[in-house]
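Student: Hi! Could you walk me through the salt bridges in this one?

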Amino acid sequence: MASGLVSDIQRFCTHDGPGIRTTVFLKGCPLDCFWCHNPESKSFAPGLLYTAHLCIACGYCVECCPEHAHSIFNDEHHFDRTRCRECLACADECYTGALEQVGREMTAAQVVAVAEKDRAFYEESGGGLTLSGGEPAAQPEFALEICSLAKAAGISVCIETCGFGPAERFLSLAPHVDLFLWDLKDTDEARHLASTGAVLAPILENLRRVDRAGGTTVLRCVLIPDVNLNQQHLDGVAAVFRSLANCGGIELLAYHPLGASKLERLGIECTRPLPAACAPDELVSAANYLRGLVGESGVIER
Amino acid sequence: MSDENNNLSRREFLKAGAAAVGGGMLVMNGVGAAEAKSPGAKSMGLANFDAVFPSPSRLSAATRSLASRSLSGEFGRALASLDARIDDVVDTKGMSGEMRVATAIRHIAANAPLRIHPLERVAGSATLREASMHRVPMCDLYSVSHTTLGFGRVLKLGYGGLRRQIDERLARGGLDEKGVDLLKAMRLCIDAAGVWHGRTMARLEELARDSSGDEQACYRSVLANLRNVPENPPTSFAEAVQSLWFLYAFQRLAGQWSGIGRIDQMLGDYLKKDLAAGKITLDEARELIAHFWIKGTEWCGEAAAFGGSGDAQYYQNIILGGIDASGREVTNDVTYLVLDVVEELHISDFPIAVRLNRRSPEKLLRRIAEVQRHGGGIVACYNEEVVIKALTEFGYPLDEAREFTNDGCWEVLVPGKTTFIYSPFDLYQRLQQALGLNGDGVQTPDYSDFESLYGAFRANLRAAIDEHNKGADGYATNAHPAPLVSLFTEDCIERGRGYYDRGSHYSVLATHAGGVGDVANSLLAIKKLVYEEKLLTLAEMLDMLKSNWQGQENLRKLAQNRVPKYGNDDPEADAMARRVYDDFTGYAAQVKERNGVWRPAGISTFGREIEWRAGRKATPAGNLQGEYLSTNFSPAPGTDSEGPTAVLKSYCSMDFTRLPGIGTVELKVHPASVKGEAGIRALTALMKTFVKLGGCFVHIDVVDTAMLLDAQRHPEKHPNLSVRIAGWSARFATLNKEWQDMVINRTQQVV
């Protein structure tokens, strides 16, 4: 039985593919988008979130920390991240949620068992399980086993992916996946590399191969002001869409800088200023522009 | 306590406990991922709430304008008062109580101010302030509320038909003196209604004469609709709408607070006939329904006089959809027109409950979802399959069970046939009693195992039900005269007895327990922390509760965050809730009837979670003294971290066919999770699954904390933001701060 690292599971997701879905976030991502919405799921190791305002300065973390990263002075808790080796002993002892482990080892069967819980809701809504991340395909055996177990159990499977990685991973997932939600970060080679740390070409190649193999896709595009919120990118997205035989459409999402709130809890310094949120009217005009390129049905509004 | 554990230090106990208790739980970073997955969710305030879910515009500008004037409190602030007591105006010496009240009603009909607005398409206004304050004007009597009268029957009969029934009954003889007197009082009420009708007609004639153009045309159409009703059965949809409102408004004027009931069933056939004959269009019919709805807001603005619980709690409930006595689906054009009107005007003053079943029309579910999405929780849903089964298993005949409505909150009853009273109690108090925490001299108990503790709780629960059963012995006879209410209630005429004198076909005293979730959470915390993990002894736990967990914040957080809670689809927590529920319903069902009084059991708090706070100590589940605990059959605030599907799963794991008094669950859904077509489908699926899983009654409320906080700080910006909890709905701005805080504190279920 394959197992892997899960950063979160959310029930009643209504915009991660059709119907009411349970979204499973696998931990770890090969990309390094500076504007990442889920920075806690980037690393492939369990991590420690620290939320200072929840702390009651009980001092249990001080006792259990082998690195002496925690201390209490004047009834106030101090956390020295430079000493922390993320052994997570303190998170076990912290009942307030101030110190919280992100990333837990689960087996594929355990994941599917959680998804099973809302089967009645999937049946009424056409929903199911959505594998997200991080990058789910970056834990290939785990992802494959979750998808195949769910599929075998009659649960619809969506996978949200950045598309980066060896093509075989995606091709082997395809038979067990009803819909790929393909996150197309950017269509400009140079900008893609600069803002995600990864080259674009293999992502597009994987997309085309999945498409040729009969995999159904939806292109998901987060629009980020001053990064990809421009006509050239929208033209690029439309071109990719038109090149695919089995793509159901393009879904535009508005970027928001809320990921930053998690950076602080992760103890990660924001090295590059984050873009501003994409305003609702910017999203609407982008969608309208795109409709002009790919037709009414090419733009999906959930 | 095992020897092995005894040898461990407290410190290690804690450690062992953390692993054992927390081990099975997946600690989730709910909010974080939610933020990421629903772009824009947090930035969405009321400003673009309407932009996301724009209200359609189907009604005329005049109707919309009248609605906004009425909602603003213009008419409610103008309510008048008849200060005199009837006894100072008329010689009531020697009159029976029933006759005295009927005499007052006659006086009110002749003297209450009339209010007729030039834009109104439906006439009849309850213009007395005392009535809006739950009092019978001129009589020093409280209103009858918690009932739905037989408006459907009286609409078809007309007052004329009722008068004939009374005369026939008097002629048949066999009534005692009291009965004859009551029937005469009822007839006086009908005469009074006639007086009020006559005055209204005369004023309308006058206004029509002195006006011109559109205004005159409007008066004339109202005159035409009112001329024959409610004395006679309506001959058109317009007459039926006018008649129903006139019947309803008159009992309001006389200080009675009935619910309305199945309006689509009452009006649907009239509309169908008129549509087929080309006498009316759907647009015209919608205008009339809108004016009926606006009428329901004419007491807005009087909230201050009625205390802090809001201005929308006049118990004027409406039921839509569901099957009729013969099993046919009722849903018709009127159902949809009502939803159109509510969607457009955001009027929450008629709280609506839709009766759903597995064959409910797809279009109905979709329209409900679309209306729900505007927030305010105006539309709630019964699973009528379960409710009808619970009622028939309790003893109601199938055809009557199929006609159920509610009492103006959401407890179900057979309308027009039932005297309904309920007696509530706090289940959590029974657990406190068993734990010796009620400060009544009971020694701190020392239960050797969990089953002994549970047995003591169960014994206390049984004692409470036994005590409540005795309430049936003193059940209303000869109490509280209400001749107008009796007139609308079967078998009062036949028996010659009043509504509060055992005249009604059914006399009901429902036992309602609240706090199931709190009891289950607390029992599970004790079971785990004291008896399984042995982190502390029961005596230590009780000491901590007595001291309000003082100095034990870490243990409190452990109890709060690492012990499963009801409402998360957790098998262990739900099993505990089920055990408590089964014991309550099972024992209550042993006495279904006593002294001719029916004794259905229900689960509710109806806002009592506020007053019950005073008697509740800190809880083993980690609540501090004075915290808001669970409402109705919902999870305790802040404990439901798994979202609405999990709440429904937990709730639906109960067997609601055991609960003829029913019990409700409240789901709060974030606007972001129900936006777009996907959101409509998600809401529809939530409702369908609720029915499929055997739920009983659900309020789905689309609301967002940021919006509520803003509404608290800037009530002027959100005058019509409405919320619904605990069986009533109210405009948020009309709640006092304590109620507002409670609404805000309740869990947000975000995607």
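Tutor: Happy to! One term to begin with: buried means under 20% relative accessible area, exposed means over 50%, and partly exposed lies in between. Keep in mind that this is a predicted model.

Student: Okay, so is B:R58 buried, exposed or partly exposed?

Tutor: B:R58 is partly exposed, because its relative accessibility is 32%, and that lies between the 20% and 50% cut-offs.

Student: And which side chain does B:R58 meet in a salt bridge?

Tutor: That of B:D340, with 3.5 Å from N to O. The pair links distant parts of the chain, 282 residues apart. B:D340 sits in helix α15 (residues 333-345) of chain B, while B:R58 lies in the loop between α4 (46-52) and α5 (61-71).

Student: What about B:D340, buried or exposed?

Tutor: B:D340 is buried, at a relative accessible area of 7%.

Student: New topic: what does B:K295 form a salt bridge with?

Tutor: With B:E298, and their closest N and O atoms are 3.6 Å apart. B:K295 is buried at 2% relative accessibility, and B:E298 is buried at 2% too.

Student: Which residues do shared partners join into one network?

Tutor: Among them are B:R58, B:D340, B:D283, B:R286 and B:E343.

Student: Over to chain A! How far apart are the closest N and O atoms of A:D80 and A:R83?

Tutor: They are 3.5 Å apart, in a salt bridge. A:D80 is partly exposed at 30%, and A:R83 is partly exposed at 43%.

Student: Last one: how many salt bridges are there over all chains?

Tutor: The count comes to 71.

Technical notes. Residues are numbered from 1 along each chain as its sequence is written. Chains are lettered from A and ligands numbered from 1 in the order in which they are written. This is a predicted model: local features need pLDDT of at least 70, side-chain atom pairs count only at pLDDT 80 or more; totals for chains, interfaces and linings use all residues. Side-chain values use heavy atoms; hydrogens and water are left out. A salt bridge is a side-chain nitrogen of Lys or Arg within 4 Å of a carboxyl oxygen of Asp or Glu. Buried means under 20% relative accessible area, exposed over 50%, partly exposed in between (1.4 Å probe, protein chains only). Helices (H or I, at least four residues) and strands (E, at least two) are DSSP runs, numbered from the N terminus.
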